[in-house]
Each structure stands twice: as C-alpha cells, then as structure tokens.
Amino acid sequence: MNCPNCKDENPNDAYFCHACGYKLRKKPNGWRTTAIIFLILLVILGCLVLNYNAEISYLESDCRYYQDRINSLNNVVNQKSATIYELETQAANYQSAQATIDRLRRQIQEKDAEISRLNNSYGDYYYYQNQVSSLNRQIENLRSQLPQTYYTKYAQQYMYNKCAGNYEKSSCYFPSKGSAVTIYTTSDGYGLTYYGWIPMNCLEKR
C-alpha cells in the first residue's frame, strides 16, 4: 500500500504510514458493529413476535368459529330430538286409537250378524224385535265411538302435544276456519287427530 501523502510503500495491513505518520485507514469500531448486529437481531425478533401473535389470533378466531358451529349443531340436534319425540308420541296415540277403531268395527259386524241371524230365525216376534232394538242401540253406541268429523271454529287453529298428562302447543295448525278435522277419541276436553290433540271447544258439528 503506497502512502497518498509521501508515496512511500507500507504493508497492506498498516493503519499509519511508517515514514510520515499519515493515517492510511480507520480502525473498525467494534461497538458500532455490535450495535448494528444487535439492532438487526432486535428487528428480526420483533418480526417473529408479531408473526407469532398474528398466528395465535388466527388460531383463536378459528377456535371461536368451530365452537360456534358446534353449539349451532348441538341446538339443531336437540330440536330434531324434540321433534322426533313429539312424532313418536303422536304415532303411539294414533296406533292406540286405530286399535280401538278396529275393535269397535269388529263388534259392529258381530252385532249386524246377530241381527241378520235373528231376522232369519223363527220364534216369538216380539222377543226378537226387542233383541233387534237392543242390538241396534248397541250398534249406535259403538258407532258413536268411531271417528267423528268436526270443523274448526277459528282460523289458525293450533294443535297440541300430550306429554306427561300436560298439553303443549305445537307448531302444527289448521290455517282456515271450517277445516274438517277427524277426531278418533277424546280425553280431558281434547280430541285426538292424526296430527295431535285439539281442544274440543274449538270445534263444531255441522
């Protein structure tokens, strides 16, 4: 390395000229280098912390979303379970009413057969006539227990579900006044239809 002041030759690693003492180069500042490296590391650490916080926030948002989804699905499952229970209860009531109807029809057929037998028999006319009248009354009584057709007095007549002896309003209803309703049996002032129970005081005969 040649000195720019006296043009004398110096070693390449010299900081000052050995002839005139001219300063050839600056000594490296260790503190400045350390500070720059520390600042770079601090920036990198800050970026990592920000990225970590963003990732945590994203994961927390995902957790809240899936928890809300789970709660929503649980509510749907509970509603469907309640609907299934109501339908099963109504089906059981309908099956019981249908069994009663079948029994009454068999009894009517038996009484009709007995009337035919008596009409075709010989004997005391008045005795048989009394027997026929008695059987006719029994048949009328049995027929009164068969399903009867009524009509709604009001529009939007709601149905009820029977649970543990209580009647709870359901979402099913007859929209129009005068809608025909088939009653299979009655209990506690309510009539059993195919869709559930309905208050008898909201119905009328025609």
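Biologist: Among contacts in the protein chain between residues at least 6 apart in sequence, what share joins residues at least 24 apart?

Modeller: A contact here means heavy atoms within 4.5 Å. In this predicted model, 44% of the contacts between residues at least 6 apart in sequence join residues at least 24 apart.

Biologist: How many helices and strands are there in the protein chain?

Modeller: The protein chain contains two helices and eight strands. Read along the sequence, these elements follow the pattern α-α-β-β-β-β-β-β-β-β. The radius of gyration is 49 Å, well over the 17 Å that the globule rule gives for 206 residues, so the protein chain is more spread out than a compact globule.

Biologist: What does the C-alpha trace span along its principal axes?

Modeller: The C-alpha trace of the protein chain spans about 165 × 35 × 25 Å along those axes.

Biologist: What percentage of the 206 residues counts as buried?

Modeller: A residue counts as buried when its relative accessible area is under 20%. In the protein chain, 20% of the 206 residues are buried. The accessible surface of the protein chain comes to about 15,400 Å², and 53% of that surface belongs to carbon and sulfur atoms.

Biologist: Is Asn161 buried or exposed, and which residues does Asn161 touch?

Modeller: Asn161 is found in strand 2, which covers residues 157-163. Because its relative accessibility is 8%, Asn161 counts as buried. Leaving aside residues up to four places away in sequence, Asn161 touches Glu86, Gln90, Asn166, Tyr167, Glu168 and Ser170.

Biologist: How many positive and negative side chains does the protein chain have, and how far apart are the centres of the two sets?

Modeller: Lys and Arg count as positive, whereas Asp and Glu count as negative. The protein chain has 22 positive and 18 negative side chains, and the centres of these two sets lie 6 Å apart.

Biologist: How many disulfides does a search of the whole structure find?

Modeller: A disulfide is a covalent bond between the sulfur atoms of two cysteines. The search of the whole structure finds zero disulfides.

Biologist: Are Cys3 and Cys17 buried or exposed?

Modeller: Cys3 counts as buried, at 1% relative accessibility. Cys17 counts as buried too, at 5% relative accessibility.

Notes: Residues numbered from 1 in each chain as written. Predicted model: local features only at pLDDT ≥ 70, side-chain atom pairs only at ≥ 80, totals over all residues. Heavy atoms only, no water. Helix = DSSP H or I, 4+ residues; strand = E, 2+ residues; numbered from the N terminus. Rg over C-alpha atoms; globule rule 2.2 N^0.38 Å. Buried < 20%, exposed > 50% of the residue type's maximum accessible area, 1.4 Å probe, protein only. Areas by Shrake-Rupley, 256 points an atom, 1.4 Å probe, with all protein chains shown as cover. Charge placed at Lys NZ, Arg CZ, Asp CG, Glu CD. Disulfide = S-S within 2.5 Å.
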